Amino acid sequence: YNRKWIKACKEVLKDNGTIWISGTLHNIYSIGVALELEGYSIINNITWQKPNPTPNLACRCFTHSTETIIWARKVNGTKKGKHYFNYNLMKEINDGKQMKDVWLLNLPKKSEKTEGKHPTQKPESVLERIILASTKEGDLILDPFNGSGTTGVVAKKLNRKYIGIEIEKDFLNITKARL
């Protein structure tokens with residue numbers, strides 16, 4: 001399944017474009033393998049640390065307090081691709097220091113869920129950092145798993161174009177209301 005949708009994304013991704021995929025321990029390893037099998041090169045493995053994670057009610061393992069975000073690009077004959085990275089802005093956002101691959105960012109704010117909830121909704125702060133790091137104003141962003149539309153909300157705020165794909169009508173309605 002992962003190879004199929006990752007391959008479809010590659011077909012529409014510009015040669016210098018990149019893909020960001022978030023996941024948990026349940027799926028991120030198979031996604032990393034699928035990316036490499038489909039001709040992508042992994043740029044970074046970001047760890048999003050949640051300072052206020054959902055408690056572990058079963059008490060049978062450690063509390064899940066992170067998600068992994070893989071940033072990758074198409075391989076076009078060479079591993080030295082020309083993807084866009086706004087290094088200077090990321091350094092500025094990080095108080096003049098080089099930004100690291102562990103991001104301590106909170107879960108979505110209550111105000112981000114006023115139109116409805118999605119079980120894996122990402123906070124606007126995570127999408128803002130991703131979009132600012134790897135796109136320019138006017139760029140087109142595709143979110144093939146739109147969910148509640150956070151990518152679209154942030155893309156609009158940052159003057160990017162956006163296409164979201166979602167099969168669940170209820171989640172599309174949340175997106176429409178948020179936009």
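Thr135 counts as buried, with a relative accessibility of 12%, where buried denotes under 20% relative accessible area, exposed over 50%, and partly exposed the range in between (1.4 Å probe, protein chains only). The model described here is predicted, so that local features need pLDDT of at least 70 and side-chain atom pairs count only at pLDDT 80 or more, while totals for chains, interfaces and linings use all residues. Residues are numbered from 1 along each chain as its sequence is written, and side-chain values use heavy atoms, with hydrogens and water left out.

Thr135 is located in the loop between α4 (124-134) and β5 (140-143), helices (H or I, at least four residues) and strands (E, at least two) being DSSP runs numbered from the N terminus. The side chain of Thr135 reaches the backbone oxygen of Ile131 at 2.6 Å. When neighbours within four places in sequence are left aside, Thr135 is in contact (heavy atoms within 4.5 Å) with Tyr84, Ile141 and Arg160. Under the same exclusion, the contacts of Ile131 are Ile141, Thr151, Val154, Ala155, Leu158 and Arg160.

Ile131 also belongs to the largest nonpolar core, which has 18 residues and in which Trp20, Ile69, Trp103, Val126, Ile130 and Ile131 have the most contacts; such a core is a set of buried Ala, Val, Leu, Ile, Met, Phe, Trp, Tyr and Cys residues joined through side-chain atoms within 4.5 Å. Two or more residues of this core come from each of β2, β3, α4 and α5 (150-157), and α4 gives the most, with six residues. A second, separate core of 13 residues includes Trp5, Ile21, Ala34 and Leu35.

The structure holds six salt bridges, each defined by a side-chain nitrogen of Lys or Arg within 4 Å of a carboxyl oxygen of Asp or Glu. In one of them, the side chains of Lys74 and Asp15 meet at 3.5 Å, N to O, linking strand β3, which holds Lys74, to the loop between α1 and β1 (18-23), which holds Asp15, 59 residues apart. Lys74 is buried at 9% relative accessibility, whereas Asp15 is exposed, with a relative accessible area of 53%.

A network of salt bridges links Lys50, Glu67 and Lys122. The closest N and O atoms are 2.9 Å apart for Glu67 and Lys50; because Glu67 lies in strand β3 and Lys50 in the loop between β2 and β3, this pair ties together parts that are 17 residues apart in sequence. For Lys122 and Glu67 the corresponding separation is 3.3 Å, and both residues are buried.

Technical notes. Polar contact = N/O pair within 3.5 Å; in protein donor to acceptor, adjacent residues only side chain to side chain.
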